[in-house]
Amino acid sequence: MGGRESVLAVSLVKLIAGKPSIIDSLPNGATVNCQLCEQTYRLGYSDSEWNRIKDWLGIAERAVRADHKYKHEVLALGLAWRQSRKH
Ligand SMILES: [Zn+2]
C-alpha cells in the first residue's frame, strides 16, 4: 500500500511445532504461552517497542487467553495498545 510505512510494531503469531506459522519482518521476538494449554505464540516487536515490551507481553497473554476458548484456530492475533493501566 503505497510508500507509507504501515508496518505493525508488534505481532502475535501462533507457533506450530516451534516455528512461527506466519513469518513477519519484526526483528525481535518473545515466546508467549497460553496459560490454559500448551499452545505457544511468538510476540514479534520492532526496536521501537522494546521499552514497553513488558506491557505488550501482558496484552499478548490476555489475547492468547481469550483466544483459548476459540481453540487457537487463527494463526495471528490482533493486539491493541491500551493506554490506561490498572492494578
Ligand atoms: Zn490455550
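In the protein chain, 51% of the contacts with a separation of 6 or more are between residues 24 or more positions apart; two residues are in contact if their C-beta atoms, placed from the backbone, lie within 7 Å. This is a predicted model, in which local features need pLDDT of at least 70, side-chain atom pairs count only at pLDDT 80 or more, and totals for chains, interfaces and linings use all residues. Residues are numbered from 1 along each chain as its sequence is written.

Let's look at the layout. Helices (H or I, at least four residues) and strands (E, at least two) are DSSP runs, numbered from the N terminus.

Strands β3 and β4 pair in the antiparallel sense over six bridges, where pairing requires that DSSP finds at least two bridges between two strands. A hairpin of six residues joins β3 to β4, and N33 stands opposite T40 in β4.

| Strand | Residues |
|---|---|
| β3 | 28-33 |
| β4 | 40-45 |

Now for the interior. Buried residues (20 or more other C-beta atoms within 10 Å of their own, with C-beta atoms placed from the backbone) make up 16% of the 87 residues in the protein chain.

Not counting residues up to four places away in sequence, L12 touches V32, Y41, L43, A60, A63, A76, L77 and L79.

Definitions and conventions. Buried ≥ 20, exposed ≤ 12 C-beta atoms within 10 Å, placed from the backbone.
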